[in-house]
Structures are given as C-alpha cells and as structure tokens.
Amino acid sequence: MTLLLDAALKGSVLILAAALVAYFLRGKSAAARHAAWTAAVIGHLAIPAFALLLPHWKLPLLSPPSWIETQVSDVAPITKSIDEPTPVAAPAAPAPVQGKVESPAQTPPSSTTIATRKWSSLPVVAVLWITGAVIVLLRLAVGTWKVGRLAKNGDRVDDGEWLSLTQRLANRLGITRPLTLLRGDRLAVPVTWGVVYPAVLLPPDSIEWPEERRRFVLVHEMAHVKRFDALTQLIAQLTIAIFWFDPLIWLAAHRMRVEREHACDDYVIRDGTKPSLYAGELLEMVQSIGLPRHERAAPAFAALAMARRSEFEGRMLSILDARQDRRTLGRKTAAAATVALAI
C-alpha cells in the first residue's frame, strides 16, 4: 500500500503535466494530444515497477511522507544496563486539590500505541483497494467475454466489394496485420478490437451501405488498428484497475478516449471525405444506438466503438472545424514523446 500511495502521488504529477501539455497543444492535432495523455497513463503504470527495479535517487528537498517514516524514532532509546539498579525517587508531597483529579485511565497513549493503531488500519485499506481493483478487472473481463460472444455469433464478411475495399485501404494506410471483417446483429455501430489479430464487427444493415459510408467506416476503424488504440486502451484499463482510487487517472483515460476518436476522424477527413457528409452519417449512427434490438455501444472498455452519444457533440465540432489541424503524429514527435516519458 505504501508503494501504491507513493506511485499515485508521482503519477498525479505526470497527469497534471500531460494536462498542461494538452492545453498548449489545443491548437494542434488530436493525435499529439492523445500521445500526451497516453504517455502519462503509461508512465503512471510504470512508476511502481521503476520504484522496485531501479536504484533510488534521494534529494534533500522534501522530507519522506508520513506513511514511509518509521515510528521507532518516536520511542526513546534504551542505553541503560539491565543490571544497574534503578534509583527510586522519594515520594512527592501531595499537592493541594483544587479541582478534578485525573484518573490513571486518562493518561495519553504512548507513541508505540499510536503507531500500532495506525498500522492496524492497513489491512482494511488493502481490502478496499483489492475490492476496487477486482471490480474494474471484472468489468474488463465481462466486456471481453461479450466481445468474444459477438465475434462467435457474427458472420464473416465474404463479399468481394467489402474485401477489395478493405485491401485497398490497408495498402493505402500501410497496415500489414490481417484484418477480419464480421457482421453481427446486436450493435448499431462498428466496433474494433484486437491487437495482433484485429477484427471489425459491422452492424447488420452494413450490407446496404453505399460505397462512401463503407469507405469512411473502414478508414476510421483501420485508423484504430494502425495507431494500436486497442493496446493503449488495454493499458489504460489496467492502470485504472490498479489506481482506481485516483480520480486523475479516470480523467486521463477519458481524455485518451476522446482524443483517440478525434484522431481517427482526422484520418477520415484527410482521406477525402467531406466533413458535412461525415458528420451527417455519424449522426444517423448515434440515433440508432438507442434502438431496443441493439446493445449499447459498450463494451467500450474492451473494444473501440465508432460512435457514442456522450461524445457526439465534441466530435461534431471538431469534424466541422475547417481550422482543425488533422495531421498524424510523426516519427520524430513520437520519438520525442517516448524520450520524455522515459525521463
């Protein structure tokens, strides 16, 4: 618990730094802001491992936190020989009684008693932390099971037009990993998952989509594949499971998700899709999410859904903003972010 509390405080510094960087990058591309938030989340998760594996560097700037300091220093050291007789003081004269006499039971507890009571609460804190971590991991496990069930019940897309379009877009975006297209009947929006073997689950009405919608849907979902968004999403969920008690990590994961969708929307706009057309098509998808025959755009913590009601307004503003910087993250910028994260 001491290690987790220490890592949570240090991770808070990383997240606040990422928030500051994202603020200064508000006029830049969403990919750059996503990289800043992702670096903070990954660094937050790496701090406990670094604290255990790397050598310590102590600076005499701040005193150690109270939960790290030992309580033995509060007890006076015993230097007297055990064989030396202890002098007995003469009884003092009774003081005149002027008020209420304190009973021996009201004697304040010693420092060792306070330390014992303080550390005895750690098992309770540990149980609370384990309970929260299990709940988050259970949510992730249930979402993964739902995704697996959707993939199992879905039909593999073998339509020649879909497969030909997928291959052309993969070559254009430089994606070499095999991408599986499935079609199900439980979701209203396309969903992507998988790191090594990614898969895209299409809604049932996708068979009737026109060429334009097919193209920008595949570009958006393949942008997730190219950017390894499924991997960073998994890392974010694991970090939340460990540091669930830290509200800043929830904020960082939320901002990661928002900037991730904006970055994939930028791929669609750069590919040539008209922003107004793309916004209208997304609006139609969002309106169909609430139909009874469709599940919600969950399991969002185990897969990447293309549209959500809660994030729709911000995405519309970003898509329709002609001044928006839509460049992807270059290799030099990514290398600089990696070096900054390592430091």
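**View 1. The lining of the second largest cavity brings together A31, R227, A263, D266, Y267, R270, R326, R327 and T328.** This is a predicted model, in which local features need pLDDT of at least 70 and side-chain atom pairs count only at pLDDT 80 or more, while totals for chains, interfaces and linings use all residues. Residues are numbered from 1 along each chain as its sequence is written, and side-chain values use heavy atoms, with hydrogens and water left out. A cavity here is a set of points, on a 1 Å grid over the protein atoms alone, where a 1.4 Å probe fits but cannot get out, and lining residues have an atom within 4 Å of a point. The volume of this second largest cavity is about 30 Å³, a volume being the space filled by probe spheres set on the points, with grid points joined across faces, edges and corners. Helix α8 gives the most to the lining, with 4 residues; helices are DSSP runs (H or I, at least four residues) numbered from the N terminus. By class, the lining has 3 nonpolar, 1 polar and 5 charged residues. Ala, Val, Leu, Ile, Met, Phe, Trp, Tyr, Cys and Pro count as nonpolar, Asp, Glu, Lys and Arg as charged, and the others, Gly among them, as polar.

**View 2. The largest cavity holds about 50 Å³ of space.** Counting cavities of 30 Å³ or more gives 2. Around the largest cavity you will find R177, T192, G194, V195, P198, H224, V225, F228, D229, A230 and L304. Helices α6 and α7 (229–242) each supply at least two residues of this lining. The lining divides into 6 nonpolar, 3 polar and 2 charged residues.

**View 3. Helix α6 (residues 211–227) packs against helix α8 (residues 247–270) at an angle of about 125 degrees, with the axes 8 Å apart.** That angle makes α6 oblique to α8. Axes are lines fitted to C-alpha atoms, for helices over the stretch in contact, and angles run from 0 to 180 degrees between N-to-C directions. Angles under 35 degrees count as roughly parallel, over 145 as roughly antiparallel, 65 to 115 as roughly perpendicular and the rest as oblique. The crossing of α6 and α8 is right-handed, a name used if the near helix is turned clockwise from the far one by less than a right angle. From α6, the contact (heavy atoms within 4.5 Å) takes in F216, V219, H220, A223, H224, K226 and R227, and from α8 R260, E261, A263, C264, D265, Y267 and V268. These contact residues comprise 7 nonpolar, 2 polar and 5 charged.

**View 4. Helix α5 (residues 160–173) and α6 cross at roughly 45 degrees, their axes coming within 10 Å.** This makes α5 oblique to α6. Here too is a crossing to look at, and that of α5 and α6 is right-handed. On the α5 side are E161, W162, L165, T166, R168, L169, A170 and L173, which meet E211, R214, R215, L218, V219, M222 and K226 in α6. The contact has 8 nonpolar, 1 polar and 6 charged residues.

**View 5. Helix α9 (residues 275–287) and helix α10 (residues 312–320) cross at roughly 165 degrees, and their axes come within 9 Å.** That makes α9 roughly antiparallel to α10. The crossing of α9 and α10 is right-handed. In α9, P275, S276, Y278, A279, L282, L283 and V286 meet F312, R315, M316, I319 and L320 of α10. Sorted by class, this contact has 10 nonpolar, 1 polar and 1 charged residues.

Definitions and conventions. 1 Å grid on protein atoms, 1.4 Å probe; cavity = no way out; pocket = protein on both sides within 12 Å on 5 of 7 lines; lining within 4 Å.
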